[in-house]
Amino acid sequence: MSPRPGDGWVDCRCGHRHWGLHGAAGLLLARPGPDPAPAVVLQHRAEWTHQGGTWGIPGGAREPHETAVQAALREAAEEAGVDPALVRVIGEQVLDHVDWSYTTVLAVLTVPDAEVRPTDAESAEIAWVPLDEVDRRPLLTAFAEAWPVLRPRIENALS
C-alpha cells in the first residue's frame with residue numbers, strides 16, 4: 001500500500017498516539033432484520049495492525065480534503081467491499097480530543113442484504129455480526145468503549 005496524505009501518527013494531549021494526521025473515521029453499517037437477524041459489519045483486524053486480532057469497524061485516516069462521511073465510505077469500500085451506493089448515512093458520533101478526532105459514521109443498508117468481504121491486507125475477516133453477538137468478540141478498545149452508546153442509535157434506526 002502506498003502512503004496517503006492523511007497517514008501518520010498524532011501524539012495527542014490525552015497521552016496516546018492516534019492514527020490519522022487529519023483525524024480518522026469509520027463506518028458502522030447496519031443491516032435490518034428480521035431474516036437474517038439485524039447485524040453490523042465488523043472487521044477482524046489483521047495481526048500486524050494496531051490492536052491486531054481485535055474486531056472493530058472499517059475505518060482509517062481522513063485525507064485533508066475529506067469529510068468524515070467521505071472518509072468512512074472510502075475506507076469501508078477499501079477494506080470491506082462496501083458499495084457506497086447501498087448505504088444511507090443516519091448520523092455521526094464524534095470522539096473529539098481537540099488535536100485529533102475520530103468520527104463513527106452510522107449508516108443502514110438501502111437493500112435487504114449485501115456481501116461484505118476483506119478487500120485489503122488490513123482485514124483478516126469481514127462479517128455481518130448480529131447485534132447481540134458484537135460484545136462477545138474481542139473488540140478494539142475504543143470500539144468496545146463506544147458500543148454501548150452506538151448500539152441504541154443503530155437499533156433506533158432499524159426500528
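These legends describe close-up views of one predicted protein model. Local features need pLDDT of at least 70 and side-chain atom pairs count only at pLDDT 80 or more, while totals for chains, interfaces and linings use all residues. Residues are numbered from 1 along each chain as its sequence is written, and side-chain values use heavy atoms, with hydrogens and water left out.

View 1. Helices (H or I, at least four residues) and strands (E, at least two) are DSSP runs, numbered from the N terminus. Starting at the N terminus, the order is β-β-β-β-β-β-α-β-β-β-α. The radius of gyration is 15 Å, close to the 15 Å from the globule rule for 159 residues, so the chain is as compact as a globular protein of that length. This radius is taken over C-alpha atoms, and the rule is 2.2 Å times the number of residues to the power 0.38. Along its principal axes, the C-alpha trace spans about 45 × 30 × 30 Å.

**View 2. The chain has a surface and a buried part.** Of the 159 residues, 47% count as buried. Buried means under 20% relative accessible area, exposed means over 50%, and partly exposed lies in between (1.4 Å probe, protein chains only). The accessible surface comes to about 8,000 Å², and carbon and sulfur atoms hold 53% of it. These areas come from the Shrake-Rupley method with a 1.4 Å probe; for residues, only the protein chains shown count as cover.

**View 3. The largest nonpolar core has 20 residues.** A nonpolar core is a set of buried Ala, Val, Leu, Ile, Met, Phe, Trp, Tyr and Cys residues joined through side-chain atoms within 4.5 Å. Leu27, Leu29, Val41, Val82, Val87, Val116 and Trp128 touch the most other members. At least two residues come from each of β3 (24–31), β4 (39–45), α1 (68–80), β8 (101–109) and β9 (123–130). Helix α1 gives the most, with six residues. Apart from this core lies another, of 18 residues, including Leu42, Val108, Ala127 and Leu150. In soluble globular proteins, nonpolar side chains tend to be buried together.

**View 4. Val82 meets several partners.** Contact means heavy atoms within 4.5 Å. Neighbours within four places in sequence are set aside. Val82 then contacts Leu27, Leu29, Ala76, Ala77, Val87 and Val116.

**View 5. Arg4 sits in the segment before β1 (9–11).** Its relative accessible area is 35%, so Arg4 is partly exposed. Beyond neighbours within four places in sequence, Arg4 contacts Glu63, Arg74 and Glu78. Gly20 is 16 residues from Arg4 along the chain, and their C-alpha atoms are separated by 10.0 Å.

**View 6. Glu92 belongs to strand β7 (residues 87–96).** Glu92 is partly exposed, because its relative accessibility is 40%. Glu92 and Val105 are 13 residues apart along the chain, with 4.6 Å between their C-alpha atoms. Leaving aside neighbours within four places in sequence, Glu92 touches Val69, Thr103, Thr104, Val105, Leu106 and Arg153.

**View 7. Gly59 lies in strand β6 (residues 59–61).** Gly59 is buried, because its relative accessible area is 13%. Not counting residues up to four places away in sequence, Gly59 touches Ala25, Gly26, Glu75 and Glu79. Ala71 is twelve residues from Gly59 along the chain, and their C-alpha atoms are separated by 7.7 Å.
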